[in-house]
Amino acid sequence: MDTINYLWEFISEFFIFFLTAFVLFVIFLFIYDKYVQRKHALLINYPVIGRFRFLFEALREPLRQYFAEETFYESKDKVDWVYTAAKDKPNYQSFSVHQPFAESRFIIKHASSVLNDDEVSDNTEVVFGQNREIPFVSKTPIIRSAMSDGALSPEAVRAFSIAGKNSELTINTGEGSLTSNHLFTLKPDLNNAKYLEIVKSNFIAETAFKVGSLLFNRKIALKWYRSILLNKKTQNTYIYDTTSHVLFRVNWDADIQEFPKSVPQSIPNMIFQMSSGLYGVRDKNGNFDPLRYQKVMKFCRMTEIKIAQGAKQTGGKLGASKVTADIAYYRGVPEGKDLFSPNRFPFANTTEELLDFVEELQELSRKPVGFKIVVSDVNAVKELASNIAKRKQDGKNIPDFISVDSGEGGSATAPLELMESVGLTTHNALYVLDTVFRDYGIRDDIKIIASGKILTPDDIIITMCMGADAVGIARGFMMSGGCIRARMCSGFGTHVCPVGMATQDKKKRASYLVTKEGNEIGNYHKNLIKGMKVMLAVMGLKSIKDLNKHLLTFKNRNGEIYFNIDNYFKNKLHL
């Protein structure tokens, strides 16, 4: 009984203390808001309770996706499909969609006699650069769009590398250059690896690794292991080889003859993106280094020059908090300073200069080269097509592919005034590019990669019917890898990705489960292909090569139906 009385007395005193402290705090806050602070008029007029506005405003964004209707994509059902596909669970709906879509949309035309799934070809290959000495055969028409190491955490890049290797997903490196994390799955022959900086293990490091693994986990064990063997700020730029227990990274100063003769089979198929900052292929003065480029291309299948991106027609922007010692090493820039790339690509002062540079890269790498644009003016597309057609007539090299990004394309960091204010949406831009290139007789020579708000198999099928040879997906793959769409990617101010995917914050990164997320990214890719085959069967098609725009119907929000979508676009775009 005494124990109960003592406990009750303790609780009562604690409650009184807490209540007194709370009342005193509110009185202090009232005095501070009304008589001291002079930053917010609202708090002068409504001290204390005015702060609820800031609280609700802070909660609005994190809670938006849980309680509000989906407004960015067609419906919440599409977002749910991504997460379910990543878990590799059955993706069937009951009764109806949760958020019906009544706006304008494309509809596929089904066949009178549909096919069974096993009658649809498993071959989904897309060949880029047929005229190059070393063409690139992408195993699927799906490409993980450009996302840089730096914008993404090292752990996220490693997860994508695992997914790329395991599910034959093509990875675009993004403008941040080719890094050790992209080569995470590399299994080098250490007897023939003069192109690598190799750090061998020792007894102390091995002991620390075993103790760390036994008492904690592999991530902590590897952290100790690196610290003992390297003891330098850029120790995370080294890859740990599980077989030989050595640490290694590429020695870019090694003779090019020492580099692999062909792309190692143990790494994913990668597209190297070259931006206006020339990261990864620049010399100490920031100028283009042809030899370094050739070395980089020993690991990549083709090159994409970044001229523009959907939400960012300016140069890339990386906050100082993301420019770690590792990122500074990869990009050849100062550590800990905001990194803003030039707006204009240095070899694109004119269209002709850009096309000449494309030809130079083709000759240096012997592999396909193209560039990424955003379409906002048909006359600009006609000028581009005219220049390419003339080069073709003169027997010069022309681009092997063009990536066209939507004006709605995402970005971790971009000026708000440019988001959705520059550039046509995916289908409109794609129709313009495809139509104009056909008019100039160059469409069959150039592959088109289209990106922008593509999430599910129907998005891919519709986009490919519209003329795309392949599609780029960024946000869908981000979500499959654990992104919760908190919109805290930028790294500026207090913006820190809560799941450790788009940040360089060490504490947040430590929680990211590389192997698990890598497998789920791969699941999403596999289920996209599986869903595409289901749609092809319904359309009565045996191959993705049979897709064309005549297999689409368009319904606008007024209920008008266009069975010939050329008529719809002619009325809309006035080409």
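This is a predicted model: local features need pLDDT of at least 70, side-chain atom pairs count only at pLDDT 80 or more; totals for chains, interfaces and linings use all residues.
In helix 13, the buried residues are Pro457, Asp459, Ile460, Ile461, Ile462, Thr463, Met464 and Cys465. Helix 13 spans residues 457-465, and eight of its nine residues are buried, so the helix is mostly covered. After helix 13 comes glycine 467, with a positive phi near 125 degrees.

Ile142 is among the residues with the most contacts inside the largest nonpolar core, together with Met274, Phe437, Tyr524 and Leu547. That core has 117 residues. Which helix gives the largest share of this core? Helix 16 does, with ten residues. There is also a second, separate core of eleven residues, including Ala221, Tyr225, Leu230 and Tyr238. As general background, nonpolar side chains in soluble globular proteins tend to be buried together.

Let me turn to the packing of helix 16. Helix 16 covers residues 514-539, and its axis comes within 8 Å of the axis of helix 5, residues 154-167, with a crossing of roughly 45 degrees. Helix 5 is therefore oblique to helix 16. The handedness of this crossing is right-handed. From helix 5, the contact is made by Glu155, Arg158, Ala159, Phe160, Ile162, Ala163, Asn166 and Ser167. Helix 16 supplies Val514, Thr515, Glu517, Gly518, Asn519, Ile521, Gly522, His525 and Lys526. Sorted by class, this contact has six nonpolar, seven polar and four charged residues.

Arginine 132 sits in the loop between strand 2 (126-128) and strand 3 (136-138). Is arginine 132 buried or exposed? Its relative accessibility is 14%, so arginine 132 counts as buried, the cut-off being under 20%. Residues up to four places away in sequence aside, arginine 132 touches Gln362, Arg366, Lys367, Pro368, Asn397, Ile398 and Asp400.

Glutamine 257 lies in the loop between strand 8 (247-250) and strand 9 (270-274). At 54% relative accessibility, glutamine 257 counts as exposed, because the threshold for that label is over 50%. Its C-alpha atom is separated by 28 Å from that of phenylalanine 371, which is 114 residues away along the chain.

Terms used:
Residues are numbered from 1 along each chain as its sequence is written. Side-chain values use heavy atoms; hydrogens and water are left out. Axes are lines fitted to C-alpha atoms, for helices over the stretch in contact, and angles run from 0 to 180 degrees between N-to-C directions. Helices (H or I, at least four residues) and strands (E, at least two) are DSSP runs, numbered from the N terminus. Angles under 35 degrees count as roughly parallel, over 145 as roughly antiparallel, 65 to 115 as roughly perpendicular and the rest as oblique. A crossing is left-handed if the near helix is turned anticlockwise from the far one by less than a right angle, and right-handed if clockwise. Contact means heavy atoms within 4.5 Å. Ala, Val, Leu, Ile, Met, Phe, Trp, Tyr, Cys and Pro count as nonpolar, Asp, Glu, Lys and Arg as charged, and the others, Gly among them, as polar. A nonpolar core is a set of buried Ala, Val, Leu, Ile, Met, Phe, Trp, Tyr and Cys residues joined through side-chain atoms within 4.5 Å. Buried means under 20% relative accessible area, exposed over 50%, partly exposed in between (1.4 Å probe, protein chains only).
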